[in-house]
Amino acid sequence: MAPVGVWLLGFMNFWHKGEMRTTRVRVLPWHVFLGHYTYALAVVTAETRLPKKLTFLQTRGDVLRRCTESMVVNGLGLGLALLSGIVILAAVLPKHEAPHFKMMYTNNKCLSSQ
């Protein structure tokens, strides 16, 4: 989408909040899914890039087959996989904490009830 289209969408969202509320509620699950999917693609890209770079260095003869650099790359890959798994799990698990107050929306105001 062109930057002008993104700006126009943001502008309409800002000025017509009441009309867009139902659209936001309908689009929210897809927005969350695409965010998680993009994060997972970035992690997969990083995970595949690590051994590719190590293999390239090994074929050129700059790095030996079993050396400290290989252990570092393997450790980075395992650490990245573990960290990304924890992040995705924390994002997907339901929140069990009860909110302190509930937000109630009217047409023009945002009221908090305790």
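The buried residues of helix H3 are Ser70, Val73, Gly77 and Ser84. Buried means under 20% relative accessible area, exposed means over 50%, and partly exposed lies in between (1.4 Å probe, protein chains only). The model is predicted: local features need pLDDT of at least 70, side-chain atom pairs count only at pLDDT 80 or more, and totals for chains, interfaces and linings use all residues. Residues are numbered from 1 along each chain as its sequence is written, and side-chain values use heavy atoms, with hydrogens and water left out.

Helix H3 covers residues 68–92. Helices (H or I, at least four residues) and strands (E, at least two) are DSSP runs, numbered from the N terminus. The expected span of a helix is 1.5 Å times one less than its number of residues. For the 25 residues of H3 this gives 36 Å. The end C-alpha atoms of H3 are 36 Å apart, which agrees.

Ser70 lies in H3. Its relative accessible area is 6%, so Ser70 counts as buried. Contact means heavy atoms within 4.5 Å. Residues up to four places away in sequence are not counted, and Ser70 then touches Leu54, Gln58, Leu64 and Arg65. Leu76 also belongs to helix H3. In contrast to buried Ser70, Leu76 is partly exposed, at 49% relative accessibility. Leu76 and Glu47 are 29 residues apart in sequence. In space, their C-alpha atoms are 8.9 Å apart.

Aromatic pairs were examined next. A pair of aromatic rings is described by the distance of the centres and the angle of the planes. Rings of Phe, Tyr and Trp (its six-membered ring) pair if their centres lie within 6.5 Å; planes under 30 degrees apart count as stacked, over 60 as edge-to-face and the rest as tilted. By this rule there are 2 aromatic pairs. The rings of Trp30 and Phe33 have centres 6.1 Å apart and planes at 90 degrees, so this pair is edge-to-face. Both residues sit in helix H2 (residues 17–60). Trp30 and Phe33 are 3 residues apart, so about one helical turn separates them. Trp30 is exposed, at 58% relative accessibility. Phe33 is partly exposed, at 45%. The rings of Phe33 and Tyr37 have centres 6.0 Å apart and planes at 20 degrees, so this pair is stacked. Phe33 and Tyr37 both lie in H2, 4 residues apart, about one turn of the helix. Tyr37 is partly exposed, at 46% relative accessibility. Trp30, Phe33 and Tyr37 form one aromatic cluster.

Charged side chains were also searched. A salt bridge is a side-chain nitrogen of Lys or Arg within 4 Å of a carboxyl oxygen of Asp or Glu. The whole structure holds 1 salt bridge. The side chains of Arg60 and Asp62 meet in a salt bridge, with an N to O distance of 2.5 Å. Arg60 is exposed, at 51% relative accessibility. Asp62 is partly exposed, with a relative accessible area of 47%.

The UniProt record was then compared with the model. Its unreviewed entry lists residues 30–50 and 71–93 under "transmembrane region". UniProt positions are given in the numbering used here, feature names are shortened, and annotations may be inferred rather than shown by experiment. In the model, residues 30–50 are 100% helix and 0% strand, with end C-alpha atoms 30 Å apart. Residues 71–93 are 96% helix and 0% strand, with end C-alpha atoms 33 Å apart.
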